[in-house]
Each structure stands twice: as C-alpha cells, then as structure tokens.
Amino acid sequence: PGGGHSRGAGATVRGSSSGPLSGLRDRVRSTWSSAAASARAKQHRLIARATDSEGDVVRQEDVSRIVTEVQDSGTGKWVIQRLRERPILQDHAVAFRAVLVLHRVLQQGPQGIAAEWGHPC
C-alpha cells in the first residue's frame, strides 16, 4: 500500500549488529592492525640485531635481511625510524653499525631510497 518500501522479517538495518556480516569490519581491522604490528616488531628485531653492540662484527645476513625487507615493503622510512630508537648517541659501536646498515641499504636497496630519506639524489 502506498508504494513504500517495507522490510521483510530477514532484512537487516544498516549499522545493526545482527546478520552474516556483523563484526566483519572489526575482524578485518584487527587482522590489518595485528599484521602491521607484526611487521613493526619484525623490523625492530632486524635493526636491533644488526646494530647490537655485543657482537664482534656486523653479520652480513642481518644486513641482507634488512635490505630484503626494504625491497619487499617498498619503503625504507622504517629503517630511519627504527635506527632513531637505538642508543646511537650513547654507544659508539651501535652508531657505527647503524652507519653500516644505512650504507648497505643505500647501496643495495631500491633506487629512490635516498630521496625517500630526504637526501638529494
């Protein structure tokens, strides 16, 4: 009657919490945020291991993993961010290793990494 639209018994009002897709957005957000947190934790471990002052030398495998992660992620901004978290002003060995990491990423990383870090090319 009257041409209006009526909702059947199985219709779900947008924004309601019932229905087959309820909670999907929260599950997707949770998955994305946990994946991002996992990636950040991995990046932190890579940088910490490569710049650890306890070892005798910088291990090539550690630096290679960082270069690979930069290439896989498509960005190298995280390298600078993670190095800033390291005690480079308090520990000369950590500072030296950080310079080695930066140098190797510039050498073997993607073409535009220097520009991404704000250095003229």
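**Entry 1: Asp62 and Arg65**

I began with aspartate 62 and arginine 65 in helix α2; being 3 residues apart, they are separated by about one helical turn. The model I am reading is a predicted one. I looked up the closest N and O atoms of this pair and found them 3.4 Å apart, in a salt bridge. Arginine 65 has a relative accessible area of 41% and is partly exposed. Aspartate 62, at 5%, is buried, because the cut-off for buried is under 20%.

**Entry 2: Asp62 and Arg49**

Which other residue forms a salt bridge with aspartate 62? I found arginine 49, with the closest N and O atoms 3.2 Å apart. I noted arginine 49 as partly exposed, with a relative accessibility of 45%.

I returned to arginine 65, whose salt bridge is also with aspartate 62. Through shared partners, the salt bridges join Arg49, Asp62 and Arg65 into one network.

I next turned to glutamate 69, which is found in helix α2, spanning residues 60-73. Is glutamate 69 buried or exposed? Its relative accessible area is 11%, so I recorded glutamate 69 as buried. I then listed what glutamate 69 touches, leaving out residues up to four places away in sequence: Lys42, Gln43, Leu46 and Trp78.

**Entry 3: Glu69 and Lys42**

Among those contacts I followed up Lys42. The side chains of glutamate 69 and lysine 42 meet in a salt bridge, at 3.1 Å from N to O. This pair links distant parts of the chain, with lysine 42 in helix α1 (residues 24-50) and glutamate 69 in helix α2, 27 residues apart. How exposed is lysine 42? I found a relative accessible area of 37%, so lysine 42 is partly exposed.

**Entry 4: Tally**

I looked up the total and found that the structure holds 5 salt bridges. Those I examined include the pair of glutamate 69 and lysine 42, the pair of aspartate 62 and arginine 49, and the pair of aspartate 62 and arginine 65.

Key. Residues are numbered from 1 along each chain as its sequence is written. This is a predicted model: local features need pLDDT of at least 70, side-chain atom pairs count only at pLDDT 80 or more; totals for chains, interfaces and linings use all residues. Side-chain values use heavy atoms; hydrogens and water are left out. Helices (H or I, at least four residues) and strands (E, at least two) are DSSP runs, numbered from the N terminus. Buried means under 20% relative accessible area, exposed over 50%, partly exposed in between (1.4 Å probe, protein chains only). Contact means heavy atoms within 4.5 Å. A salt bridge is a side-chain nitrogen of Lys or Arg within 4 Å of a carboxyl oxygen of Asp or Glu.
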